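Please look over the structure shown below before reading on. The paragraphs that follow lead through it part by part.

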Amino acid sequence: MIVLGIESSCDETAAAVVDGYDRVLSSVIASQVDAHRPYGGVVPELASRMHVEAITPVVTRAMDKAGLLIQDIDGVAATRGPGLVGALLVGFSFAKAFAWARHLPFAGVNHLEAHIHSLLLTRPAPEFPFIALVVSGGHTNIYHVFSDNRFELMGQTRDDAAGEAFDKVAKTLGLGYPGGPGIEALAKKGDPGDIVFPRSLLEKGSFDFSFSGLKSAVARYVHEHPLQSHEDKARVAAAFQSAVIDVVCEKLLAAARSRSCRQIGISGGVAANQTLVAALTRRAARHRIRVMAPPVSLCGDNAAMVAARGAVMIRDGQTCGLDHDVFSRALNLSA
Ligand code: KG4
Ligand code: ZN
């Protein structure tokens, strides 16, 4: 089955064609990040308008790169939520119209489940069951993944997502948006042990996260110790990143041990952080647990993960009608 997937939940307009559930024939991403950078974050109205401009050329390029014609497509998938409603509507409506015109099955994909599925596009892919962390600008969720269509949410952030904390701390340090890559690069020049920021682990046995205290601790530190040099900023970046890494490693290893899983996958924009992936890989190896992260092109928002997740939903009859709408918040994972 060949599925066309579309992603437009935030600031990337993306289209991809997937054969089966894990063979990516093409994946095209038009990023709006340069347009939002001057505002220090994503401007929803600007995002919607840019999706409208990009959607047709991006889908056309994805079809061309796959070397396919419209009549070769067997199913259509698009991100249904969570995300910015105006942005979601562009890709979702485009996909709905495409499916309706061609009489094709249509899947409305949960963005977080698509990030989980990006692990199944990774080589070697994790074997079921495994623990997955979806860690992005909007979410820090731990799942127990039983199969390609069955997941249990074990924990999530109670306040800021990890990526959001990276972005806010980057702002405090005067770095650009998005903040993750800038913090990671700067942290390489600082000693993570020079400053100790709090590691919030919450109650014993909880797999939830809380990053707002860490973010405030960084802001307080910078207020009390004005940054005089590039070295000062590097020390703060390294100490902050090290606190995030410690908490993420601790929670993931505890989750894996509690479910007797020998494999952990991490996906989402923050999974592009190679320092995090290396630290987790090292610590997990001590418990004989293997860590997998997708290539950077599949960590951030992309449509290959949406198409592949949609293919599974179509296989299992979980399709959408023309009356289905997008949703902004992940109230019900399988809605
Ligand atoms: O998955 P994604 O592209 O979009 C959302 O669904 O949110 O994730 C974007 C987030 C941003 O917060 C960005 O700062 C973070 O991923 N990010 C990183 C890195 N690259 C991107 N965070 C830490 N280190 C990185 N190298
Ligand atoms: Zn995402």
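In which helix is Ser-118 found? Ser-118 belongs to helix H4, residues 111-118, where helices (H or I, at least four residues) and strands (E, at least two) are DSSP runs numbered from the N terminus. This is a predicted model, in which local features need pLDDT of at least 70 and side-chain atom pairs count only at pLDDT 80 or more, while totals for chains, interfaces and linings use all residues. Residues are numbered from 1 along each chain as its sequence is written, chains are lettered from A and ligands numbered from 1 in the order in which they are written, and side-chain values use heavy atoms, with hydrogens and water left out.

Ser-118 is buried, with a relative accessible area of 0%; buried means under 20% relative accessible area, exposed over 50%, and partly exposed in between, with a 1.4 Å probe and protein chains only. Leaving aside neighbours within four places in sequence, Ser-118 is in contact with Ser-267, Pro-294, Leu-298 and Met-305, contact being heavy atoms within 4.5 Å.

The domain assignment of the protein gives domain 1 (2-115 + 299-315) and domain 2 (126-293), with bounds that come from an automatic or database domain assignment. The centres of the two domains, taken over C-alpha atoms, are separated by 27 Å, and 15 residues of domain 1 are in contact with 15 residues of domain 2. Between them the domains bury about 1,300 Å², 61% of it on carbon and sulfur atoms; buried area is the accessible area (1.4 Å probe) that two parts lose on being put together, summed over both. Leu-112, His-115 and Cys-299 supply 42% of the area that domain 1 buries against domain 2, more than any other three residues.

Next comes strand E2 (residues 12-19), in which Thr-13 lies. Thr-13 is buried, with a relative accessible area of 1%, and, not counting residues up to four places away in sequence, Thr-13 touches several residues, among them Val-28, Met-50, His-51 and Ile-55. With the side chain of His-51, the side chain of Thr-13 makes a polar contact at 2.8 Å, that is, a pair of N or O atoms within 3.5 Å, of which, within protein, one must be able to donate a hydrogen and the other to accept it, and residues adjacent in sequence count only if both atoms are side-chain atoms.

Helix H3 (residues 85-102) has 18 residues that, at 1.5 Å a residue, should span 26 Å, and its end C-alpha atoms are 25 Å apart, which agrees; the expected span is 1.5 Å times one less than the number of residues. Among the buried residues of H3 are Leu-88, Phe-92 and Phe-98, and what covers the buried residues includes strand E1 (2-7), helix H2 (44-66), strand E4 (75-81) and strand E5 (106-110). In the loop between E4 and H3 lies Pro-82, and the peptide bond from Gly-81 to Pro-82 is cis, with omega near -5°.

The buried residues of helix H9 are Leu-276, Val-277, Ala-279, Leu-280 and Ala-284. They cover an arc of only 165° around the axis, which puts them on the same side of H9; the arc is that of the directions from the helix axis to the C-beta atoms. These buried residues pack against helix H8 (230-258), strand E9 (263-267) and strand E10 (290-292). Arg-288, in the loop between H9 and E10, is exposed, with a relative accessible area of 71%.
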